[in-house]
Amino acid sequence: AIERKDGNASGKTLLEALDAILPPSRPTDKPLRLPLQDVYKIGGIGTVPVGRAETGIIKPGMVVTFAPQGISTEVKSVEMHHESLPEAVPGDNVGFNVKNISVKDIRRGSVTSDSKSDPAKETKQFTAQVIIMNHPGQIAAGYTPVLDCHTAHIACKFAELKEKVDRRTGKKVEDNPKALKTGDAGIVDLIPTKPMCVEAFTDYAPLGRFAVR
């Protein structure tokens, strides 16, 4: 209880309540997924990709694979705020130095993974649930907007509208709808127009959600 002139107050102080919050469990047990935000060339060091680890752990000595390029290389060092780290965990924004890779080989939107543990791959086609929040016309097969998925920014074609679903329950309302409009939700097949890495939402949530602008 907290004592004060006009009577005591029961309960917790804000600081006590904050101290009682359990930190979120970090998905360190999953295989590595680290989408690149940028790639730098630093004199005397070499190529340094930068990004935030979403799942898994990255550490020096590890052989990583970049998707969709399919290039593998060894990580020489991992740094955060100009300090070398023995390893980086989900949520860490890090730069890491890689061997024998040019700045031109990888780019923003590439996904770093562990070559020995479920390495990330290029996605040729994927099925997604979309909700049309706000769109001036109708969306039919062939529509090719730009998708923002993790750090990738790539146009994807709505190849097929498979189902129209109830946006609240997810239950099917109609098979093979001709078009979707504002307020509708549907299951669609998407084909990226350039090499892209997308993951199943159930496996790697941060790489399985996207926005269409």
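**Note on a predicted model: aromatic pairs, pocket, cysteines and loops**

1. At 11% relative accessibility, phenylalanine 126 is buried (buried is under 20% relative accessible area, exposed over 50%, and partly exposed in between, with a 1.4 Å probe and protein chains only). Phenylalanine 210, at 23%, is partly exposed.

2. The model is predicted: local features need pLDDT of at least 70 and side-chain atom pairs count only at pLDDT 80 or more, while totals for chains, interfaces and linings use all residues. Residues are numbered from 1 along each chain as its sequence is written, and side-chain values use heavy atoms, with hydrogens and water left out.

3. The structure has three aromatic pairs (rings of Phe, Tyr and Trp, the last by its six-membered ring, with centres within 6.5 Å; planes under 30 degrees apart are stacked, over 60 edge-to-face, and the rest tilted). One of them joins phenylalanine 66 and phenylalanine 96: the ring centres are 6.4 Å apart and the planes stand at 10°, so this pair is stacked. Phenylalanine 66 belongs to strand 3 (residues 63-67) and phenylalanine 96 to strand 6 (residues 93-98), so the contact ties together parts 30 residues apart in sequence. Strands here are DSSP runs of E with at least two residues, helices are runs of H or I with at least four, and both are numbered from the N terminus. Both phenylalanine 66 and phenylalanine 96 are buried.

4. Phenylalanine 126 and phenylalanine 210 also pair, with ring centres 6.1 Å apart and planes at 80°, so the arrangement is edge-to-face. Phenylalanine 126 sits in strand 8 and phenylalanine 210 in strand 13, so parts that are 84 residues apart in sequence are tied together.

5. The largest pocket holds about 380 Å³ of space. On a 1 Å grid over the protein atoms alone, a pocket is an open set of points with protein on both sides within 12 Å along at least five of seven lines, and lining residues have an atom within 4 Å of a point. Grid points are joined across faces, edges and corners, and the volume is the space filled by probe spheres set on them. The lining has 14 residues, and Val130, Ile131, Ile132, Met133 and Val212 are the closest to the pocket's centre. Strand 8 (126-131) and strand 13 (210-212) are the elements that give two or more residues to this lining.

6. By residue class, the lining of the largest pocket has 10 nonpolar residues, three polar and one charged (Ala, Val, Leu, Ile, Met, Phe, Trp, Tyr, Cys and Pro count as nonpolar; Asp, Glu, Lys and Arg as charged; the others, Gly among them, as polar).

7. There are zero disulfides in the whole structure (a disulfide is a pair of cysteine sulfur atoms within 2.5 Å). The closest cysteine sulfur to that of cysteine 149 belongs to cysteine 197, at 8.1 Å, which is too far for a bond. Cysteine 149 is buried at 0% relative accessible area, and cysteine 197 is buried at 1%.

8. Proline 90 is in the loop between strand 5 (83-84) and strand 6, and is buried at 5%. Its C-alpha atom is 4.6 Å from that of alanine 53, although 37 residues separate the two along the chain.

9. Threonine 193 is in the loop between strand 12 (185-192) and strand 13. At 48% relative accessibility, threonine 193 is partly exposed.

Note on methods. On a 1 Å grid over the protein atoms alone, a cavity is a set of points where a 1.4 Å probe fits but cannot get out, and a pocket is an open set with protein on both sides within 12 Å along at least five of seven lines; lining residues have an atom within 4 Å of a point.
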